[in-house]
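Let's take a walk through this protein together, one piece at a time. Have a look at the picture first, and then we'll start with a pair of helices.

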Amino acid sequence: MSLFLSRIMAALDHGGDTVLFHHDDTTMTHRQAAELLSRLYHGLSGTRGTVAIDAGNRPEVVLTQLAAQLRGAEVLLIAASAGRPARAAAVETTGATLLTDAELTTLAASPLSTPDTLPSGVTTIFPSGGTTGTPKLIRHRGIYDGMAHIFRPDGTRTVLVTAPLTHMTGNAAVLGALLCGDTVVLHRKFDASAVLADIERLRVTSLSLTPARLAAILDSPSLPHTDLSSVRQLSLGAAPLSPRRLDEALSVFGPVVGQGYGLTEAPMIAGISADEVLERPELLGSVGRIVPGMEARTAEGEVIVRGLSMMEGYHGKPPIADGWLPTGDLGHFDEDGYLFLHGRSGDVIVTGEHGTKVASTTVENALLSHPRVRNAAVFAIPGPGGEGELLHAAVVANGPATVDDLRTHVRETLGGEHFVPATVDFADSLPLTAVGKVDKALLRSPFWLGHPRNIA
């Protein structure tokens, strides 16, 4: 019997009429969530195999995930940041039954039905960011019983979630809150002013932000007028954070700010607390030390990891077991075991408010499908003030083409704003390396002059 599912069911039962979700200016109690879970469970009675969920942030997303897992089905969560080709490929590869917002609404109107027994475990599949151009499907299983051991009943926290529930960060945040009997303030989309308003209005105690979203909070005109005294934990992750912004966050929120480092394949690898940074300011540029249960080292400069938070493996591939996983990140450890990242081994750009990994080849192929593009190279450049990575395209055209034409073409081809180059330069030709490949290092170098590392 799944410890995770038994703990979830017990938490819903124990929570009674305490609020579980604040969402869309309404509330949902634990009792109401348990009833909705029962209806969703009944609605999925005829579903077999894998269930794919592609929907916006609403309580039904996580509750449908749980209902399907109570049925013994595997669940594929379609990332909000995935492009159209990647979404279709994930569903086709798994043979999943696709549920969108419309289907979730229909399922929620089903009669009540309660499972007699619980399956032995649960499996959730997350598509990778597509760092090789085609997303890998990451299977997580053991992590859920691990969560059931780590997250104990508490009920004292109010957790604000803006990350998509179909991403690992948002999904784990809500499941952790459920296991603890806490309250979730769930936003459909990120808006800095709305986040600050709810922190004050609902006395939010915990939240997690990407660097891009933290920057929006710190730059918001609402910030100086917001009471932040309820916040006891602010977790930062999904992409590298500039030391300047971490320092600013510590000044604004106080000693409650922590930074984590992980991958969808291994959600928790390293972490660093506010106390560590405040005691040793030179650690502002570190992502911390390796967490208990995980191991990490470098191989030819690349960080490789293994341990308890690891995925079961990639869908259709053998389990990874105790093997080492290359992270794609370049870094080094100092003498005290603190990890510092300073680049990436692959042609991968971490961009957008979700810290999404975008393969440059994916965007290049989209550009090359335009009839007036002869050649294209896509690479990362630092955002304003050196914060965050933006996509830049160097394009060789074979006819009249404008920046707007090309950006619109990529948007329509891939279906996600984070795939669209922020800037485009036109050139007569692209430089080549000695072996005839486009010399992206040469193209990239002028943009990174004056930056201490090749990530932002």
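## Helices H2 and H3

Helix H2 (residues 30-43) packs with H3 at an angle of about 55°, and their axes are 9 Å apart. The two helices are therefore oblique to each other. H2 passes H3 in a right-handed crossing. Keep in mind that what you're looking at is a predicted model.

Who does the touching here? From H2 you get Ala33, Leu36, Leu37, Leu40 and Tyr41, while H3 brings Glu60, Leu63, Thr64, Leu66, Ala67 and Leu70. Sorted by class, the contact of H2 with H3 has nine nonpolar residues, one polar and one charged.

Leu70 sits in helix H3, which covers residues 59-70. Is Leu70 buried or exposed? Its relative accessible area is 5%, and because buried means under 20%, Leu70 counts as buried.

So what surrounds Leu70, if you skip its neighbours within four places in sequence? Leu70 is in contact with Leu5, Met9, Leu37, Tyr41, Pro115, Leu118 and Pro119. Now compare that with Leu442, which is 372 residues away from Leu70 along the chain: the C-alpha atoms of these two are separated by 53 Å.

## Helices H1 and H2

H2 has another partner to check out. Helix H1 (residues 3-15) packs with H2 at an angle of about 135°, with their axes 7 Å apart. H1 and H2 are therefore oblique to each other. This time the crossing is left-handed, as H1 passes H2.

On the H1 side, the residues that meet H2 are Met9, Ala11, Leu12 and Gly15. On the H2 side they are His30, Arg31, Ala33, Ala34 and Leu37. The residues of this contact of H1 with H2 divide into six nonpolar, two polar and one charged.

## The nonpolar cores

In soluble globular proteins, nonpolar side chains tend to be buried together. Here, the largest nonpolar core has 46 residues. Which of them have the most contacts inside this core? They are Phe4, Ile53, Leu63, Leu66, Tyr144, Leu175 and Leu178. H3 gives the core its largest share, seven residues. There is also a second, separate core of 32 residues, and among its members are Val204, Ala249, Leu250 and Val277.

Not counting residues up to four places away in sequence, Leu175 touches Phe4, Ile8, Val62, Gln65, Leu66, Tyr144 and Met147.

## Helices H12 and H13

H12 passes H13 in a right-handed crossing.

## Ala321, out in a loop

Last stop: Ala321. Ala321 lies in the loop between strand S17 (313-314) and strand S18 (325-333). Ala321 has a relative accessible area of 60%, and because exposed means over 50%, Ala321 counts as exposed. Where is Ala321 compared with Thr413? They are 92 residues apart in sequence and 37 Å apart in space, going C-alpha to C-alpha.

Technical notes
Residues are numbered from 1 along each chain as its sequence is written. This is a predicted model: local features need pLDDT of at least 70, side-chain atom pairs count only at pLDDT 80 or more; totals for chains, interfaces and linings use all residues. Side-chain values use heavy atoms; hydrogens and water are left out. Helices (H or I, at least four residues) and strands (E, at least two) are DSSP runs, numbered from the N terminus. Buried means under 20% relative accessible area, exposed over 50%, partly exposed in between (1.4 Å probe, protein chains only). Contact means heavy atoms within 4.5 Å. A crossing is left-handed if the near helix is turned anticlockwise from the far one by less than a right angle, and right-handed if clockwise. A nonpolar core is a set of buried Ala, Val, Leu, Ile, Met, Phe, Trp, Tyr and Cys residues joined through side-chain atoms within 4.5 Å. Axes are lines fitted to C-alpha atoms, for helices over the stretch in contact, and angles run from 0 to 180 degrees between N-to-C directions. Angles under 35 degrees count as roughly parallel, over 145 as roughly antiparallel, 65 to 115 as roughly perpendicular and the rest as oblique. Ala, Val, Leu, Ile, Met, Phe, Trp, Tyr, Cys and Pro count as nonpolar, Asp, Glu, Lys and Arg as charged, and the others, Gly among them, as polar.
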